[in-house]
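The sequence and structure come first, and the notes follow.

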Amino acid sequence: MPNNKTTHFGFETVLEDEKVQKVAEVFHSVAQKYDVMNDVMSCGMHRLWKRFTIDKSSVRRGDHVLDLAGGTGDLAKAWAAIVGQEGRVILSDINPSMLNVARDRFLDEGIVGNVEFVEANAESLPFPDESVDVVSIAFGLRNVTNKDKALAEMYRVLKPNGRALILEFSKPTSAELSKWYDRYSFNLIPKLGKWIANDEASYRYLVESIRMHPDQESLKNMMNAAGFTEVKYDNLTGGIVALHRGFKS
Amino acid sequence: MIKSTLYYALETTINALLRRSTTSQPLLEKLDNAVIQLTITDWQLNLFWIFNADKIRLVSEWDHPVTSSISGELIAITRLGLSGAKVAKDLTVSGDLHQVELFKRLFAELHIDWQAELTPFIGAGKTHTIEIELKKIASGLRNIARSLRESSKDYMQEESRILPTRFEFDEFSQSVRQLQRRIEKISHPQSNHKH
């Protein structure tokens, strides 16, 4: 039976079944320039946001960490250094192009032994129940078609007392900042995508997808509904980005 | 976010210093797996030191048990790193006390061969010249400090000699007041007659 449910792809409405393919096309296109574009678009701030996530993570040596929508592996690289050879990091992404970039990067930097690369859909994870200590997802949740399913899967694979870390674009807390942020996002970022990555449309999607993502409180409620406890969030850079944390009791 | 960035900068600096210190490695090995919570009470700052084989990690939050904790004001915690200083009475310490002692020694006994570090960049000759000049400056500063200490002692002794005592000052004040009253009596003779 065909699925006629619709969802958003940026500001466009598409069938749910189409979204995965459309998102895949975006990331196939941007994979090679992904890291340099992150630095350019965020003026390097993405590194501080990820550093904040690491600071709040309580990841320790020997932990098993699952990094979802891990992309080119910024967070996974940090987790690998922390968990050591006694631990394990799974860098998972639905997009093989992004995983290939990550794999090459890790090889170039000599990060071997405790990292696995797994192509997987966050809505249907191929990992056993209660198998990881920490699940992280940075700037990936907004691209997932069914976020509730992804949150449920994150909860399922976590061990008791395990924690989820969701770093994602969110809603600025002030109207003035929101105004400037919109101008920057809609006017400049697609242009940067065109000049640097030769792909204006993909970066327009990325900007639009941020606006369609749940705000801080909505995501917190979704995490609570998925079973997470002690859910809290930190606003970064005036709420442009938020880090949500929740525990599995 | 600024805090986590600063902690990371501090962590990077400390690890760089520890790598260069000839005395750190054995202490780091003994501290492997330790987690020390450092609380700076007057700044309301919590800093978790996580020891991992040959380096440390600094974070502002830690959800797992710590092996020891130290809390106190900034100045007391800074003194902790001074060579020879015992763990101060104005610090609250709990958990594995041996770890706290090793932690203190890690910084108090930091020894970096700066000549070996600089030589590859500027050459042995210039490094040696810089070392001599720095020693001269350090010696000069020590002489200035000693001279100030001695001068201030002499100054205080001379001041205490010429300054009046409290009794002398009170007597003097009373004399001034008496003189003032006499002057008022002389300058207003009519008011004196009426009364």
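In this predicted model, strand 1 and strand 2 of chain A form a hairpin with two residues between them. Gly10(A), in the turn of that hairpin, has a positive phi of about 65°. The remaining points take the pairing of these strands and then the interface of chain B with chain A.

**Hairpin in chain A**
- Strand 1 covers residues 6-9 and strand 2 covers residues 12-15; the two pair in the antiparallel sense over four bridges.
- Opposite Thr6(A) stands Leu15(A), which belongs to strand 2 of chain A.

**Extent of the interface**
- Chain A brings 19 residues to the contact, and chain B brings 17 residues.
- About 1,600 Å² is buried between chain B and chain A, with carbon and sulfur atoms giving 44% of that area.

**Polar and charged pairs across the interface**
- Four salt bridges are found between chain B and chain A.
- In one salt bridge, the side chain of Arg245(A) meets that of Glu61(B), at 2.8 Å from N to O.
- Polar contacts between chain B and chain A number 11 residue pairs, with both residues at pLDDT 80 or more.

**The chain B side**
- Two elements of chain B, helix 1 (2-20) and strand 3 (55-59), each supply at least two residues of the side that touches chain A.
- Helix 1 of chain B gives the most to this side, with four residues.
- By residue class, the side of chain B that touches chain A has seven nonpolar, six polar and four charged residues.

Note on methods
Residues numbered from 1 in each chain as written. Chains lettered and ligands numbered in written order. Predicted model: local features only at pLDDT ≥ 70, side-chain atom pairs only at ≥ 80, totals over all residues. Heavy atoms only, no water. Contact = heavy atoms within 4.5 Å. Buried area = accessible area lost by both parts, 1.4 Å probe. Polar contact = N/O pair within 3.5 Å; in protein donor to acceptor, adjacent residues only side chain to side chain. Nonpolar A, V, L, I, M, F, W, Y, C, P; charged D, E, K, R; others polar. Pairing = 2+ DSSP bridges.
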